[in-house]
Amino acid sequence: MMSRQRLLSMEFALPVFFLILTTIYLAAAFTIRAQISEPFWQGPRAIPIVASVMMYALLLFVLVRQFRTSNTKAQPGEILRPVWVVVATGVYIYVFEPLGYGLSTLLYVFALFFIFEFRTRQPLAFVIYALVVTAVFYILYAVIFGVRLPELFGVI
Amino acid sequence: MDTFLSYFNGFSALLDPLNFAVMIGGFLVGTFFGAMPGLTSVLAIALLLPVTYQIDVVPALIMCASIFMAGMYSGSITAITINIPGAPSSMMTALDGNKLMKRGKGANALGHAALGSMIGGTLGAVLLMAFMPIAAKLSLLIQTPGKFSLIFFALVVIVIVEKGNIAKSTIAMLLGLMIATVGIDELLSVPRFTFGTENLMEGIDLMPLVIGAFAISEILIQAQNWRLDSEVDLDEIKKIRIKRRDFIPLWSEVREIGLWTYFKSTVIGYLIGVLPGAGGSMAAFVSYIEARRSSRKPQEYGNGSREGIAAAESANNAMCGGAFVPMLMFGIPGDPTTAIVLGVLVINGLQPGARLLENQADLISPMFASLIVSALILIPLTLYLLGPLFLKMVTISRGLLYSGIAVVALVGSYVATLSIFQMSLSLVLGVLAFYMRRASYSPVAMLLGFILGPDLEQYFRRAMSLSDGDPMIFLTSPDSIFFLLLTAAFVYMIVVRKPKTATAP
């Protein structure tokens, strides 16, 4: 009997996720309609369908092999820290245009400094480094390469 | 003759202030990323990919070439000094280099690594330039069915070099192919897998895939391993004293290694570079094993052998030249770096193939020149001038470093297309690549599947159209048969046949 924890491990969860993804992909492949009638192997559905079939076969192979393996490799490391990075990045992307480059990036760098524990006990250095990081990439993209970055009230 | 003249003009193009500046800048960036454990030259090029949208193709390619060469060499710096290879291709260098370091011969080991890289990198680039016209002629002989079989061969090699993980590597490659099918079908202009979203009509760009797979996923991996990878011991590094004059290898040592070792390792590295998916690590490993097999002092290998350092470093830098051959002539990248360089070419409207050398040699020759100058001049020069500072690089706080990389990656994915959607896609693909890496699915195979997938499909469908749907065309066309037999031979040699030689020491 497999433990629930093992079934939820990446060794199982990722192939299962790929299986779901492949099923959605295959279903969408069957809905592709060419304007002119083409034989199957010359049409736009052939390779996606072949790729899906191969995916199913390989994913089943990987899952069966995983079931037969007596134990799952332990995944060392932290779980929460990468989650916080993803959350901070998601929020950054969401507010990037509304808040403009300057403010959103500064807040993002603050968040990353907290997550990566950089100078969190030295508030002045913490703020100065965050300002420097924000400014350096502003200079790179907006000043040197002339890219128009999002602004807040016409300011960076 | 025209080709060689354009090669010469490539060197003069480097005298342009902008080109010269991007070559030096690229080299320093590549050195930094290559030397920092956890960062690689692939990540450096991935982060600079958005910048290539803002500059001309010539400086963009010059920069990519110098980053590639520098990154391949500089992995040896931390491999030798603190026994942590800055890049996977320097694993073999760490075996002997760090032993020499512990005996107080660190500068000497760094000098030998630089000399090996210099010789391998230069000869590899020369071989690239010499064989490009021949490869261009050969590429003209390949017809549509042969092109399909060639790409099929490349994809098979990419997955089988991941020995022990072939199924997972194939899944990753197929995933890349599936991602590449999103958007308008090139042959019939039919939308595919857009799910009613306008954002997906133009397909998924290379940029979010590269940024996600190599930058975002790396930051997440580092966040995950934050407590496992303790900061480098600063006190230990402060104790290390390196003098510039010690960097220069003694002639007697070079003679003992032998020019044949350098040459043989260069050729091995170059040929492995030509193989899709093999990369610098395999080049260094194979040439190290071969050098040990034929050495007069095999017992020294793993105990501070200068010959071992020379063999590994010559090979991994020679790989740089080899990796460009299939990319430039057939559009088949040999490794992730050349895959991104291929992206730079395509973004700028250049198509790989014989015509690239015929009609646009002036655009790619400066890149060859950059490879040679980086290997021949910049590697020894930066070691001599900046060598004592190299160790200081690893003392930079990782918190600051990864925060900066996160910003440059995300803003970079925005500036290329000015699209929040592309930025979001970078994050989604980054999270996917993170989980893939955790479960041993190769993001490199996914990237190469994404790049080669569309060509594979196009040539397959075109060949089937030419034969009125008869698949026998792949077995009756001589060029196609050649590549299918080559595929079978590689599968036999790498997967079926049991290796006779010993594994890594």
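Select Glu11(A) and Lys168(B): both are buried, where buried means under 20% relative accessible area, exposed means over 50% and partly exposed lies in between (1.4 Å probe, protein chains only). Their side chains meet in a salt bridge, 3.1 Å from N to O. The term stands for a side-chain nitrogen of Lys or Arg within 4 Å of a carboxyl oxygen of Asp or Glu. Side chains of opposite charge can pair when their charged atoms come close.

The model is predicted: local features need pLDDT of at least 70 and side-chain atom pairs count only at pLDDT 80 or more, while totals for chains, interfaces and linings use all residues. Residues are numbered from 1 along each chain as its sequence is written, chains are lettered from A and ligands numbered from 1 in the order in which they are written, and side-chain values use heavy atoms, with hydrogens and water left out.

**The interface**

Over all chains, the count comes to 11 salt bridges by this rule. The pair you have selected crosses between chains, from helix α2 (residues 10-30) of chain A, which holds Glu11(A), to helix α8 of chain B, which holds Lys168(B). Helices (H or I, at least four residues) and strands (E, at least two) are DSSP runs, numbered from the N terminus. How many salt bridges are there between chain B and chain A? The count is one.

Now show both sides of the interface. On chain B, 64 residues are in contact with 65 residues of chain A, contact meaning heavy atoms within 4.5 Å. The two chains bury about 5,800 Å² between them, and 78% of this is on carbon and sulfur atoms. Buried area here is the accessible area (1.4 Å probe) that two parts lose on being put together, summed over both.

Polar contacts can be displayed next. Nine residue pairs are in polar contact across the interface of chain B and chain A, both residues at pLDDT 80 or more. Such a contact is a pair of N or O atoms within 3.5 Å; within protein, one must be able to donate a hydrogen and the other to accept it, and residues adjacent in sequence count only if both atoms are side-chain atoms. To see which parts of chain B touch chain A, colour the elements that give two or more residues to that side: α3 (41-54), α8 (166-180), β2 (191-192), α9 (206-224), α18 (398-417), α19 (420-438) and α20 (443-466). Which element gives the largest share of that side of chain B? It is α18(B), with 13 residues.

**Chain A on its own**

Hide chain B and look at chain A. Its secondary structure comes to five helices and zero strands, in the pattern α-α-α-α-α along the sequence. Of the 156 residues in chain A, 40% are buried. Among the contacts in chain A with a separation of 6 or more, 57% are between residues 24 or more positions apart. The accessible surface of chain A is about 9,100 Å², and 70% of it belongs to carbon and sulfur atoms. These areas come from the Shrake-Rupley method with a 1.4 Å probe; for residues, only the protein chains shown count as cover.

Select Ile79(A), Leu80(A), Val83(A), Trp84(A), Val87(A) and Val91(A), which make a nonpolar surface patch of about 590 Å². Patches are made of residues with over 30% relative accessible area and no salt bridge: like charges are joined within 9 Å, nonpolar side chains (Val, Leu, Ile, Met, Phe, Trp, Tyr) within 5 Å. Centre on Val87(A), in helix α4 (residues 80-115) of chain A. Val87(A) counts as partly exposed because its relative accessible area is 41%.

**Chain B**

Bring chain B back and select Asp185(B) and Arg192(B). Their side chains meet in a salt bridge of 3.9 Å, N to O, and both residues are buried.

Go on to Arg293(B) and Glu290(B), whose side chains form a salt bridge of 2.9 Å, N to O. Both lie in helix α13 (residues 279-293) of chain B, three residues apart, about one turn of the helix. Is Arg293(B) buried or exposed? Arg293(B) is exposed, since its relative accessible area is 59%. Elsewhere, salt bridges that share partners join Asp185(B), Arg192(B), Glu457(B) and Arg461(B) into one network.

Next, select Ser6(B) in helix α1 (residues 2-13) of chain B. At a relative accessible area of 11%, Ser6(B) is buried. Leaving aside neighbours within four places in sequence, Ser6(B) is in contact with Ala361(B) and Ser365(B).

Two backbone stops remain. Ser189(B), in the loop between β1 (183-184) and β2 of chain B, has a positive phi of about 55° although it is not a glycine. Ser440(B), in the loop between α19 and α20 of chain B, has a positive phi near 65°, again in a residue other than glycine. Ser440(B) counts as partly exposed, at 26% relative accessibility.
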